[in-house]
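Let's take a walk through a protein model together. Keep the picture open and turn it around as you read.

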Amino acid sequence: MSDKMNLLMFSGEYDKAMAGLILANAARELDVEVTMFFAFWGLWLVRDPEKVSNEDKTIYEKMFSAFSPKGAEDLPLSKMNFNGLGKKLLVDMMDDHHAPHVIHFLKGAQKKQVKFYGCKLSLEIMGFKQEELIPELEIVDAKTYLKNALQSNMQLFI
């Protein structure tokens, strides 16, 4: 059995997304197979800001979409967000240290062939369409995710 890591991305917060993506990229560099399963708020991380649409959505889905982050760089911080000021300070400090942003880690994971799964039920409840998400994301049910997780050496919930 080769080494496999499975991350369930439930959080929709910048710092937590960054942690998960750093681990995914590092694991791929160690030749570990990596699967990331995005559920509920975690789906915000894999929204494509260029493809967000209100077409064929209910009024509730349109409202939810309007108040949701449009993609990885729009995510708030989990602590000290202060209506976006805390995140701006963090990003400025990252820039001062020439550290990559979360979008860079997401693109790195895509290039390194991390497997991206999106929770079918979460997608339906939140009113997102597959077309609004990154093309690498495969929509699956919980059983498919669990089969993958059960075959992994490491499971992480972020």
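How many residues apart are aspartate 92 and lysine 88 in helix α3, and what does that separation come to in helical turns? They are 4 residues apart, so about one helical turn separates them. Helices here are DSSP runs of H or I with at least four residues, strands are runs of E with at least two, and both are numbered from the N terminus.

Before going on, a word on what you're looking at: this is a predicted model, where local features need pLDDT of at least 70, side-chain atom pairs count only at pLDDT 80 or more, and totals for chains, interfaces and linings use all residues. Residues are numbered from 1 along each chain as its sequence is written, and side-chain values use heavy atoms, with hydrogens and water left out.

Back to our pair. Side chains of opposite charge can pair when their charged atoms come close. Aspartate 92 and lysine 88 form a salt bridge, with their closest N and O atoms 2.9 Å apart. The term salt bridge means a side-chain nitrogen of Lys or Arg within 4 Å of a carboxyl oxygen of Asp or Glu. Both partners are partly exposed: aspartate 92 has a relative accessible area of 30%, and lysine 88 has 49%. (Buried means under 20% relative accessible area, exposed over 50%, and partly exposed in between, using a 1.4 Å probe and protein chains only.)

The structure holds 8 salt bridges. Another of them joins the side chains of glutamate 132 and lysine 57, at 2.9 Å from N to O. This pair links distant parts of the chain, 75 residues apart: glutamate 132 sits in the loop between α5 (120–126) and β4 (137–140), and lysine 57 in the loop between β2 and α2. Is this pair buried or exposed? Glutamate 132 counts as buried because its relative accessibility is 1%, and lysine 57 counts as buried at 8%.

Now find lysine 115 and glutamate 138, whose side chains meet in a salt bridge at 2.6 Å, N to O. That pair also links distant parts of the chain, with lysine 115 in strand β3 and glutamate 138 in strand β4, 23 residues apart. Lysine 115 is partly exposed at 31%, and so is glutamate 138 at 34%. Elsewhere, salt bridges that share partners join Arg47, Lys57 and Glu132 into one network.

The side chains of serine 65 and arginine 47 make a polar contact at 3.0 Å. (A polar contact is a pair of N or O atoms within 3.5 Å; within protein, one must be able to donate a hydrogen and the other to accept it, and residues adjacent in sequence count only if both atoms are side-chain atoms.) Serine 65 is buried, at 2% relative accessibility.

Last stop: helix α6 (residues 142–150), where Tyr145, Asn148 and Ala149 are buried. They're on the same side of α6 because they cover an arc of only 100° around the axis, judged by the directions from the helix axis to the C-beta atoms. The face turned away from that buried side carries the exposed residues Lys143, Lys147 and Leu150. Among the elements covering the buried residues are β1 (4–9) and β2 (33–38), where cover means contact, with heavy atoms within 4.5 Å.
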